[in-house]
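Dear colleague,

Please find the structure below. My notes on it follow.

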Amino acid sequence: MPFPIDATEPFRCPSELRRLVEAVRSAGDCDETRWIEWKSTLDLTTTAHIQHVAKQLLGFANRDPEVAKKWAQGLAYLVIGASPEELKGVAPVDPERLVSQVRPYVGSEITWTPEYVRVDDTDVLVIIVEPPRPGHSIHLVRKDLQRYKPGTVLIRRPGQTEAADVDEMGMLQRRLLARTARLDLTVEPRRTTIEACPDFQTVVDTWAGRERATRLDAWAKRRPGSDHRTDKQHTRELDGFLEQARAVLLARGVWRFARYKPAMLDLRVVNPGDRNFTLVQVTLAISGISARHLNKRLFDLLDKDEPDLPDSLAMPGRREADRRGAVDCSGLDGAPFRTEHFGAARCGWQAGTAADKVRIVFTPCDLRPHEAADLPSVPLGLAAEPGATVDVAWEATAANADCKAVGTFTLSATSGSAFLTSEAGRKGRHN
């Protein structure tokens, strides 16, 4: 009959191990399988019984990973002190002493944990054996063990542990050869400084204020009879134009800043070793800063041409219907640096924000031995005072490696006003 407990999840904490012991007591005599073995009791002070423990550990450690993961996520259990319809218990011994007595037979590569649990006022020992993994060694008998000589390979079969046959040795060799390369990569900045994002809103508002005052002054000095509009009509039209121009100037500034190299995060990933790595993916986490990432509508301008200013910039006073090229700015909300809108995919990377953390994921690439690859530039939109430092944590994974590489580097912020006085900035601020 099926083992009387759901074994899809592992048993680790004391309450779970007690349930496992109670399931053993309710099991049938033939319910021992590849992942669990029980003994009604053992005297853990005797060599014969220590050898029995060692034998089971070796068998569990030499299982096929694909088969093992069908139960308890690959864990295996040796229960001592319980059996079907019995709960005899076991005389506890110090776990360190037990480990030291078993180690000469099994070596130190097998990961196992002895845990005592109390069920109905009876002490039961449950030994937990960690799952086998691709690349794990073939575990050998290290010292004469019952009838087995050193070098013997023991393997777990349903309900028993015996010497491996030819097919089982083939499986263990394939398991060993499935070992994947460790990941030896570094991610480093190509430039250790990054220009902060200017306060575009203030710049544009300042321009609009000066422009309004200049045009009102010019209106007041106009030649009599040269324009039939009233003062109120002129002011309303001028303010409408400035509202539209303010939004487009803001978009133009951000459009150019997003392409401004000194304000971009520029990195390279380096493979200093002798192995090929495939599908290397680099992920960054930047926290503890205010990232003025771009409003979604403005950030969409990265995919488009630079916005044009309204035709009426040169001459406010045309009728609305005659304004060719005027831009509908009604969707711009005047808050161009809101982090919650930063998540659109761009060429070679994706980004998103959560709380005060920015996460950037780069498209995977392949790296040959001793090769370095430049990652796509990212317009970070950093809000920081000049001289402030920004810590960037990175991790890298690869399809043919069994771990990840991690590290950090530091960037230093420089003034965002440099952009406003650059060629890119001037073009973004003027007609």
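A contact here means heavy atoms within 4.5 Å. By that criterion, residues 24 or more positions apart account for 76% of the contacts in the protein chain with a separation of 6 or more.

This is a predicted model, in which local features need pLDDT of at least 70 and side-chain atom pairs count only at pLDDT 80 or more, while totals for chains, interfaces and linings use all residues. Residues are numbered from 1 along each chain as its sequence is written, and side-chain values use heavy atoms, with hydrogens and water left out.

The protein chain has 10 helices and 20 strands (DSSP runs numbered from the N terminus: H or I of at least four residues for helices, E of at least two for strands). Of its 431 residues, 46% count as buried, that is, under 20% relative accessible area with a 1.4 Å probe, protein chains only. The chain exposes about 21,600 Å², 48% of it supplied by carbon and sulfur atoms; the areas come from the Shrake-Rupley method with a 1.4 Å probe.

Glu162 lies in strand 6. Its side chain makes polar contacts (N or O atom pairs within 3.5 Å, one able to donate a hydrogen and the other to accept it) with the side chains of Arg147 at 2.9 Å and Tyr148 at 3.0 Å. Leaving out residues up to four places away in sequence, Glu162 also touches Val153, Leu154, Ile155 and Arg157.

Ala164 sits in the loop between strand 6 (160–163) and helix 5 (166–177). With the sequence neighbours up to four places away again excluded, Ala164 touches Val153, Ile155, Arg157 and Met169. Gly59 is 105 residues from Ala164 in sequence, yet the C-alpha to C-alpha distance is 9.1 Å.

Regards

Terms used: Buried < 20%, exposed > 50% of the residue type's maximum accessible area, 1.4 Å probe, protein only.
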